[in-house]
Amino acid sequence: MAAFCSLKNFCEYETSKVVRFQSVSYGSLKWTFHMVVFLYVCYVLVTDKRYQKKDSVISSVHTKVKGVVQTDSRIWDTAEYTIPMQGIDAFFVITNIIMTENQFQSVCPEYPIAKAVCSSDVSCEKGHMNPQSNGIQTGRCVNYNATIKTCEVSAWCPVESMKGAPVPAILKSAENFTVLIKNNIHFPKFNHTANFSPKLNISCTFNKITAPGCPIFQLGDILQATGENFSEMAIQGGIMGIEINWDCNLDKWFHRCSPKYSFRRLDDKTTTEYPGYNFRFAKYYKRPNGKEERTLIKAYGIRFDILVFGTAGRFNIFELLVYTGSVLSYFGLAQFIIDFLITSYTYPCCKASIKEYYFRKKCESALGPKWALMYVSYVDDPHIILVDKPLRTSLQNVKGEIVQLQRDTGACTDMTKLAAQRSSRVPALAKAHEMQPLKSEEQTSPSHDRPSWCCCGKCHQTQAFREQLCCRRKEGSCITTSALFEQLVLARSALEFILLYKEPLLDLNTETLNNQLRHCAYRQYIHWRFGSAEVESSALIPSCCRWRIRETYPSEDGKYTGLARQN
């Protein structure tokens with residue numbers, strides 16, 4: 001939220017900082033991934049035409065069936081073997097038939113189905129109607145033929161006397177019939193309308209090789225394309241699907257919009273319950289005496305469902321830009337995989353030491369601000385210790401987490417200059433060990449009671465847990481007795497030089513100079529022991545060092561606040 005606090009912040013620009021590894025293997029892996037992604041993106045762009053705007057087809061279908069067939073008793077033409085459509089975009093061709101002629105309403109024996117066979121009138125219930133029967137029972141048991149009695153029914157008599165389809169099919173020659181499918185399609189987004197090509201020879205017959213765009217089909221060829229036998233299917237009937245796919249490219253430089261035909265059987269030919277496709281209808285007429293009669297026809301046949309689907313596409317710059325923007329993220333896959341190989345210890349792509357090197361170069365840990373965040377350094381421990389939890393005991397006894405801070409190389413610049421200014425002490429300093437005492441043990445013995453948590457003998461008693469910190473983990477000499485502490489932290493000339501370096505016009509004769517020198521000594525200790533100015537507000541100075549600085553540069557009123565904490 002801080003980035004939007006002012007107009008100046010609003011006008012800022014932010015960019016990412018990258019770490020570049022000089023590695024042949026990782027570089028080759030990156031470009032290999034980029035090349036694979038580039039080829040894939042280009043392949044999808046071309047094959048799926050992702051640069052086009054798409055629209056779905058709207059369709060209408062009209063069919064005309066032609067053919068004449070002769071059976072033993074009659075000639076069948078188009079008006080007889082085709083009937084009005086049984087569904088949307090469909091046509092039906094009769095292939096087999098059971099015809100019961102001269103039916104009139106009367107009473108007659110029922111067809112001998114299981115529930116209609118009787119031995120006496122007791123077996124027949126007046127007014128009873130079975131869904132499988134042809135009429136309503138009258139309550140009488142009559143002779144169906146010389147051997148079987150059935151219940152008498154009030155129905156169209158005589159009732160249908162055949163239940164199974166004739167074999168072979170009566171109209172098996174219907175496989176030579178042809179059908180013209182006139183399919184009109186429209187793509188509203190592009191205002192494009194099409195049907196079969198006007199240049200097409202209307203006397204053609206569809207063939208996948210020689211005439212794949214012809215809209216005239218022979219019924220036998222349709223079934224043969226699906227592996228079906230027309231003579232077998234004609235007995236019980238069935239349902240076939242004629243699929244018309246309009247895959248149109250409306251680009252001016254590669255215009256193409258023609259149908260592709262395919263076929264499949266839609267019903268289940270393996271079922272034994274009501275197989276095939278059939279239904280009943282009747283033709284009614286009246287005799288001269290006014291009596292109504294009818295001819296009942298049970299028609300078996302093949303219903304052809306015409307299924308039209310398809311899409312059209314035309315170049316659109318916005319679709320191309322959207323696709324390009326969406327696939328740019330694919331190139332980040334290479335970075336993700338290589339980062340995983342670099343930072344993951346579970347994948348043995350290189351030695352652990354190399355992984356550690358890459359990890360340190362790439363990843364930088366930054367803890368969020370916390371009230372209890374504290375950094376601690378011990379003279380006998382080479383690590384920086386982080387403590388980020390509330391203290392319930394002495395800080396000296398708390399075990400924190402080892403962290404690695406970014407070394408601030410600029411922090412040593414002032415010290416280098418100051419060391420040059422104090423050249424008179426450099427030879428002695430060079431010969432002195434870092435922990436060599438400046439005073440004898442008799443001179444450095446504390447005059448106060450030694451706290452239980454102190455390991456160097458120089459710390460002062462305090463009630464605050466966070467101030468109960470020694471310069472050492474184990475018993476030994478105090479860091480305040482070392483030559484470097486005297487030179488880097490307490491040297492007045494060095495501290496004055498640092499103050500003047502930051503503020504050239506500083507008055508060194510002011511009454512508050514001691515306070516400035518003391519705070520400067522605090523900072524010098526932190527820069528020396530922690531190596532980073534970033535932790536200045538969270539780094540804790542041991543009690544012995546803090547009081548040694550205070551003794552050297554005491555406060556006028558004897559009150560001390562230390563460095564103000566920022567977190």
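The secondary structure of the chain amounts to 15 helices and 18 strands, where helices (H or I, at least four residues) and strands (E, at least two) are DSSP runs numbered from the N terminus. The model is a predicted one, in which local features need pLDDT of at least 70 and side-chain atom pairs count only at pLDDT 80 or more, while totals for chains, interfaces and linings use all residues. Residues are numbered from 1 along each chain as its sequence is written, and side-chain values use heavy atoms, with hydrogens and water left out.

A look at the whole chain comes first. Of its 567 residues, 39% are buried; buried means under 20% relative accessible area, exposed means over 50%, and partly exposed lies in between (1.4 Å probe, protein chains only). The accessible surface is about 34,400 Å², and carbon and sulfur atoms account for 54% of it (Shrake-Rupley method with a 1.4 Å probe; for residues, only the protein chains shown count as cover). Among contacts (heavy atoms within 4.5 Å) between residues at least 6 apart in sequence, 65% join residues at least 24 apart.

Next come the nonpolar cores, each a set of buried Ala, Val, Leu, Ile, Met, Phe, Trp, Tyr and Cys residues joined through side-chain atoms within 4.5 Å. The largest of them has 56 residues, and Phe91, Val93, Phe187, Leu219 and Phe304 have the most contacts inside it. Strand E15 (residues 292-315) supplies the largest share of this core, with seven residues. Leaving aside neighbours within four places in sequence, Phe91 touches several residues, including Val65, Leu219, Ile302 and Phe304. A second, separate core of 39 residues includes Cys520, Tyr522, Val535 and Ile549.

Three strands form an open, antiparallel sheet in the order E16-E17-E18; two strands pair if DSSP finds at least two bridges between them. Strands E16 (374-377) and E18 (401-403) stand at the edges with a single partner strand each, so one side of each is left without a neighbour in the sheet. On average, neighbouring strands of this sheet are turned by 40 degrees against each other, direction ignored. Strand E17 (residues 384-387) is joined to E18 by three bridges, and Ile385 has Ile402 as its bridge partner in E18. Helix H14 (residues 513-530) lies across E16 and E17, at about 75 degrees to E16; axes are lines fitted to C-alpha atoms, for helices over the stretch in contact, and angles run from 0 to 180 degrees between N-to-C directions.
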